[in-house]
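Look at the structure below.

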Amino acid sequence: MAAHRSGPLKQQNKAHKGGRHRGRGSAQRDGKGRLAPKTLSKKVRKELSRVDQRHRASQLRKQKKEAVLAEKRQLGSKDGPPHQVLVVPLHNRISLPEAFRLLQDTDSGIVHLNELGSTHSFMLLCPRLKHRWFFTSARPGDLHTVLDMAKVADTILFLLDPLEGWDSTGNYCLSYLFAQGLPTYTLAVQGVSGLPLKKQIDARKKLSKVMEKRFPDDKLFLLDTQQEAGMLLRQLANQKQRHLAFRDRRAYLFAHAADFVPNEENNLVGTLKISGYVRGQTLNVNSLLHIIGHGDFQMKQIDAPLDPFPLNPRVIKSQKDPGMEMEICATDAVADMEEDLKVLMKADPDRQESLQTEAVPDPMEGEQTWPTEEELSEANGWYWQILKESSKVVKKVPKGTSSYQAEWILDEDHESGGEEDEYDDTEHEDFMEEESQDESSEEEEEEECETMTIGESVRDDLYDEKVDEEAEEKMLEKYKQERLEEMFPDEVDTPRDMAARIRFQKYRGLKSFRTSPWDPKENLPPDYARIFQFQNFTNTRKSIFKEIEEKEVEGAEAGWYVTLHISEVPVSVVEYFRQGAPLIAFSLLPHEQKMSVLNMVVRRDPGNTEPVKAKEELIFHCGFRRFRASPLFSQHTAADKHKFQRFLTADVALVVTVYAPITFPPASVLLFKEKSNGMHNLIATGHLLSVDPDRMVIKRVVLSGHPFKIFTKMAVVRYMFFNREDVLWFKPVELRTKWGRRGHIKEPLGTHGHMKCSFDGKLKSQDTVLMNLYKRVFPKWTYDPYVPEPVPWVKSEISSIVPEVGME
């Protein structure tokens, strides 16, 4: 008997799908032989128990605590560099010699005095505390000295006045120190014990209120007796250290001694020998060295003499003549240094970094054949022929309509009118009548007023003698330009003596500033052939920093007292040191001697209100470098194009673009402007953003016109251009209005620059028609690494920076 077989028309029901509720057996059958994707793409995570997790967390805490304690013990110990303390008095009533006298307590340690010009410094060795300090000082008016010493100081000791805290010079000093980045700091008050007992409590309350602005949660220490000085030294020794990122990844050295050996060929250039303690990272002889304020140099060799300030010196006791024995010990130490002088490393010419700062441009690169005059004339004629053909439009018009009337016919429903109006003479006459009436009324008011003679004071004449009229005129013109830029951003008057297509030939129109494409390699200036560019700056920076942390470098380790032999140094460097100025050297990371385009994010300093125009020469303090350059200002956005700013605006973060040597962020940035009297004004502060020549700064120019005749969606616009050819040239560019309308040019009318325009809605009579044009701008190559010393700040000069309230 044959089995029944269903035919082709049998109903087929859907199979049941278990979905997420299906059984374990069906899931195993479906996934038979498959592996979970997690086991293929990610590492197997070992899940720790709660006890193991707590144990691991305690181990991490213990490691971090040990690292902090090791760092604290090394600083100022016998194996580490001395604890360098910068003493800054913030008020002119503070006595710096008195503070140094209290700190130079012979009962607690041994003092080695060292006076170099105006900079007083001394080394304090304290075997009882197992610590050694190197104290230096700087007046807040000496701008470069304070900033340079703060770059290498482990701790800054601020001395405050008991009544006022700090004066205007001290406040200005704190502004640029906070902007550069403060290391560990301590606050001490001098002169409290000299006040009556009743006034001491009031003085402390007032001082605490003053300190809330700058130091809200910091403790004050007294510095009037030797006992208080001892407590201050203990605080300096046990204080937790704050890190400055730009110096922790580099080796740096503060020169305690310097010697100069001139070359045989040229006495003005020679080998500079500087001695000091290595700090930060290990110093390699093949790396380059940057001496702040003087430039980049190569090293010949590194010597390792004996430490001149050991924590436990060898002392020979004598009962007859202790002074004679001390001299013998000193001469023995010098003799031992000369005998034990050993060379740590000598430079290898094959592995030494090059001093090349600029790339050598190839004049044949990107060469192309320039078109001949015949080809240019042929292309020009072809262009005008296309414009004429494109301007001819076929329309249906009533019989008897002239060609001029046909131009104004839009469609069958709309009617437009008449002839092109010229300027209305009656309106001009009415305007002249109103003007004459205003003049007559002004004359009547002058007749009604009385005249009085007011005596002039003698001080007014003396005041006028100090005023520079030319500088006042220039400053007034800058204020006017800044005010116009705020009222009418980027608006420019179309020139009448030059064709607009020639004046704005480097500009282009964009459909959208945000989304329209722009090639960053297009039309680059010749200066771009001299700079270096990274294929990927972020990856290069990460790899260099990772190499610093993981790879062991041969050279002088941190804490060693060494002598560096620096080649090809001008004699002015050692003269600068002998005058009392600090000599500070930083080692450079790979590529940091090469020129590129630096972008820095800055904000306007609230204490400065003078207008700062783009491409003005400013003084930069970027990380450990100091140089002069003419920057560009642009908006700080996340887009690929950034709009150029003509002035450094307040309360907005802007990006400053300059040609400068490569510096790897993080690094602080300070912008100063040099006055006519040689002083430097702080105008902006910020940080280094990136090293990117492809960051596009786009300058916008806005041409404005006024609607002359307005129809439904059509209008006649004038005063944007002044000849017919310019209208045809800029015809493809989109128009916009201040009230949000968008449109385009239909055709020119007449020969005086009038044009018929179409918009997406009806215009208002008070609206303004605008055309945006764009071009890419580049900074000027005005980089100068040599910045002259500024004139020290005076209290009266600083008070003149702050504008008086209520004055216009």
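Q: Where is Pro666 found?
A: Pro666 is in the loop between strand S22 (654–661) and strand S23 (668–674). Helices (H or I, at least four residues) and strands (E, at least two) are DSSP runs, numbered from the N terminus. This is a predicted model, in which local features need pLDDT of at least 70, side-chain atom pairs count only at pLDDT 80 or more, and totals for chains, interfaces and linings use all residues. Residues are numbered from 1 along each chain as its sequence is written, and side-chain values use heavy atoms, with hydrogens and water left out.

Q: What kind of peptide bond joins Pro665 and Pro666?
A: A cis peptide bond, with omega about 10 degrees. Most peptide bonds are trans.

Q: Why is Glu616 called buried?
A: Buried means under 20% relative accessible area, exposed over 50%, and partly exposed in between (1.4 Å probe, protein chains only). Glu616 has 13%, so Glu616 counts as buried. Glu616 lies in the loop between strand S17 (595–604) and strand S18 (618–622).

Q: What makes the link between the side chains of Glu616 and Lys673 a polar contact?
A: The contact is 3.0 Å. A polar contact is a pair of N or O atoms within 3.5 Å; within protein, one must be able to donate a hydrogen and the other to accept it, and residues adjacent in sequence count only if both atoms are side-chain atoms.

Q: Why is Asp651 called exposed?
A: The relative accessible area of Asp651 is 74%, so Asp651 is exposed. Asp651 lies in the loop between strand S21 (641–645) and S22. Its phi is near 65 degrees, a positive value in a residue other than glycine.

Q: Is Tyr719 buried, exposed or partly exposed, and why?
A: With a relative accessible area of 33%, Tyr719 is partly exposed. Tyr719 sits in the loop between strand S26 (714–718) and helix H19 (724–729). Phi of Tyr719 is positive too, near 70 degrees. Most residues other than glycine have a negative phi.

Q: How many aromatic pairs does the structure hold?
A: There are 26 aromatic pairs. One of them joins Phe134 and Phe254, at 5.7 Å centre to centre and 55 degrees between the planes, and is tilted. Rings of Phe, Tyr and Trp (its six-membered ring) pair if their centres lie within 6.5 Å; planes under 30 degrees apart count as stacked, over 60 as edge-to-face and the rest as tilted.

Q: Which parts does the pair of Phe134 and Phe254 tie together?
A: Phe134 lies in strand S4 (residues 131–137) and Phe254 in strand S8 (residues 251–254), so the pair ties together parts that are 120 residues apart in sequence. Both Phe134 and Phe254 are buried.

Q: How do you know that the charge of Arg530 sits over the ring of Trp781?
A: The charged end of Arg530 is 3.8 Å from the ring centre. A charge sits over a ring if NZ of Lys or CZ of Arg is within 6 Å of the ring centre and within 35 degrees of the ring normal. Arg496 also lies over a ring face, that of Phe722, at 4.5 Å from the centre.

Q: Why is Leu311 called buried?
A: Leu311 has a relative accessible area of 7%, so Leu311 is buried. Leu311 is in the loop between strand S12 (295–304) and helix H10 (322–340). Leu311 and Pro82 are 9.4 Å apart in space, C-alpha to C-alpha, but 229 residues apart in sequence.
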